[in-house]
Amino acid sequence: MKEHQVSKESQRWVFDFQDLDDAKHAVGGDWDAVRGLLGGKGANLADMAALGIPVPPGFTITTKACNEFASQSNQMPAGLWDQAGSALKNVMSQTGRTFGGADNPLLVAVRSGAKFSMPGMMDTVLNVGMNDVVAEAMVDKTGDARFVFDSYRRLLQMFGAIVLGVDAERFDHVLTSARRAHGVTSDSNLDGDVLREITDEFKKIIATNGSEPFPSDPMDQLQLSIEAVFKSWHSRRARDYRDASGIPHDLGTAVNVVAMVFGNTGPTSGTGVAMSRDGTTGEPHLEGDYLMNAQGEDVVAGNRPTKPISELADDAPECARDLLATAKQLEAHYGDMQDIEFTIENGRLWLLQTRDGKRTAQAAVRIAVDLANEGRISRQEAVRRITPEQIDFFLHPQFSGDEITRRPVLAYGLNVSPGAAVGVVAFDPDLAQRWAAEGRPVVLVRQETKPDDVHGMLAAVGILTSSGGRTSHAALVARQFGKPAVTGASDLDIDLANRCVTIRNITIAEGDWLSLDGTTGRIYAGQVPTVDPDLDNDSLATLLDWADDIRTLGVRANADDPIEAARARRHGAEGIGLCRTEHMFFGSERLPIVQQMITAPTLAEQREAIDLLLPMQREDFTGLFEAMDGLPVIIRLLDPPLHEFLPSWTDLHRTITDLQLRLVRAGDLQAVESLITELHETSAMLARVEALSESNPMLGLRGVRLGLQLPDLTRMQVRAVTEAAVGVIRAGGKPKPEIMVPLVSHHNELAKQRLIIEEVAAEVMAESHVDVPLQIGTMIEVPRAALTCEQIAEFADFVSFGTNDLTQTTFAISRDDAESAFLLDYLNDGLLDQNPFASIDDDGVGQLMRLALAGARRAKPGIESGVCGEHGGDPASISLCHEMGLDYVSCSAYRVPVARLAAAHAQIQTTQTTV
């Protein structure tokens, strides 16, 4: 044993699996704190032992020990090794075996286990305690040299790669050569003599390439393995995974030392991973993979083709029954779908781990709804368990059905994580990450992924492997992060030397396009077109209905045309919170009329152009009112500066220069006259562009200022809104129009604009003899408006925060310029905690919103208030809006389901906080 422990006040670093009550007492009885101390794996192993479930004897070294180890420059905390020695004696007593002894030897597994599951991201070493003496003693005792030297070579292979830094491919090469030389396809078919030779070869590899020789002392093996697991918490792959999962870096990992049970002792032994429900679809049946005569890493590593768990009843019927019963027991105990690791040793079932299972977004929603319907959890708990990010996965594009039927299927694999992925092929994770950083969509293609590949998996849009099952590393990580994935596509022949993959005589080179469907397991060559997602999912609809019952914050949509409005309503929007009328003016039929209005030399010609827009706008608003019948529709009057509707100064100058050159070369009078006419028109347009030019157009003639300068434009839009509402009312509909005046900074602006709106609306209602329930409000999007909102509210029926512009004017930065120039540096350097254009800045913008709301409510206690813009679909911003007591948020149609769930989460959090 290596003595290099640091001094520290004595504390308990180690808990036996039987010491669950002691662990609870140490943290005040809180189960979450127990998981924080013992890690999820250690806590659940102790919990299963308490439930009477067959768990091998063992003990857990706490996460605190891991953090202390790191803080002391990778030195073992004082007292830890003595406590581990005492715990090891207890394991020997329970098993009747001796660690390091030749008489009935004990081997142990050294396994990681953080509070939050991180599949494959940290290290495990199996069969610790084996050496030449122990191996020969085990051969004498069991009479099975194949089993013993298979176990010994596994220890050397794992210990050499994990602890001593040997390239794992060196060991793989020896195994591959041995299989080829003896004409077998699986390591389990190699006999004892061959495995003894492989063991000797592995020792030579370690002696030549390892950081130090393989230690024959079992206690040294144990200590070095524990240290390696501690160190793996800080590995690149683990940090990348935690960054992507939002797991804090200061939690540390526990280490579980567990008596080995062997799945490789023969045909009545085996190992596998099972989930109590289908992790891809959520269906209520056991799902997983297993292998007979194998150890655990064989199942997840893809070294051998696995068998589906449904076939276990044929190979080990009694164990299959026990596994199903135990899975149901654990699911009932934990109230969630469980991911179970098991080993069968000579016909006896042992459980090595249980944890809440990784699942796709689709499976997560179905499982939550099913558990609530089964009475296992409440509806509120079902809603709480689903994250906004999981709802977002439903919104990912899918392949076009029509296109798919015309495309030949290149290959099939296991559909382990749904969704469509289209990208260029990359064969290694570093290249995938680099290409993704360059903006290229990448499909990562591997024989099987390993934990060290996680950075490339996170960068890829899809993952494809030629081996591995439904519980392989690739499947678990893909599900965790919502990556479309297909595994076990055995027709793939990956040639890393030539950087290509051959599938049924078709060769695809690295960088070529590939499409995969994680929903069906199909693979296609080239780029298959995608379509908008279909949210027709019964479980999702049920869950969102439950969310609607919980939330108090309304959810509307930003929509500018009837098609988008209808889509938003299908997604659950309760109205339109922002219709940007300027988007209606950019169509090919309308833009020339708008340009005519802007460039008209006389007021009469300007009004003529505006009159041409009236029927078009009326038709636009009629469609919106029909799509949102009975729900509010907020229509923002024209907001952007007029120059946005005109060609750029640079383009016009370039056109004039080109026309002048063509005029010089004109060959006939007709061509000259045509060019002169075009030149005069372009020059006139340039003159108007120059006349409208502003030093800072985003703070110039736009918003309410534009409406006051061009009152006929305001009158046209108001008339179009009111006439459209009249038409819908006459047709039996119930329109609820609300007109919003943009970019108000002074209450007098809104007062004057309101007079115009009311005057025109009254004219239309008098002409039609139809009353229209019209409301008039404004956007709060500049600091002065927020600070003087009490005065502004006197002239407003509602206020809506335009948080994008409010953020720009509060920070005094342009979003587009900032994000391309310095904002990312601010975030990377820690100057800002978050992008203020992604989530509302609570300390600045949020404070202005609170001041504005307080002022508006003093003027009009019941005034309606909301948020429109991109922040309206951001869960953190939605929580803030809920806390402020806003009436609604408004976001894009596709974000409406996310906003509905996030609003429910905000209410649940409020309820839990006040209880």
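Tutor: Buried means under 20% relative accessible area, exposed over 50%, and partly exposed in between, with a 1.4 Å probe and protein chains only as cover. Helices (H or I, at least four residues) and strands (E, at least two) are DSSP runs numbered from the N terminus. This is a predicted model, in which local features need pLDDT of at least 70, side-chain atom pairs count only at pLDDT 80 or more, and totals for chains, interfaces and linings use all residues. Residues are numbered from 1 along each chain as its sequence is written, and side-chain values use heavy atoms, with hydrogens and water left out.

Student: How many residues of strand β17 are buried?

Tutor: In β17 (residues 442–446), five of five are buried. Both faces are covered: V442, L444 and R446 lie on one side, V443 and V445 on the other.

Student: Which strands pair with β17?

Tutor: Two strands pair if DSSP finds at least two bridges between them. Here β16 pairs with β17 in the parallel sense over three bridges, and A426 stands opposite L444. The chain gets from β16 to β17 through helix α18 (residues 429–437), in a right-handed β-α-β crossover. A crossover is called right-handed if, with the strands pointing away from the viewer, the path from the first strand over the helix to the second runs clockwise. Strand β18 (residues 462–465) also pairs with β17, in the parallel sense over four bridges, with R446 opposite T465. Helix α19 (residues 454–459) carries the chain from β17 to β18, and this β-α-β crossover is right-handed.

Student: Which residue has a positive phi although it is not a glycine?

Tutor: One of them is N293, with a phi of about 55°. N293 sits in the loop between β9 (287–292) and α11 (296–301) and is buried at 15% relative accessible area. R499 also has a positive phi of about 55° and is not a glycine. The place of R499 is the loop between β20 (492–495) and β21 (500–503). At 29% relative accessible area, R499 is partly exposed.

Student: Where is F822 found?

Tutor: F822 is in the loop between α33 (815–821) and α34 (823–828). Its relative accessibility is 30%, so F822 counts as partly exposed.
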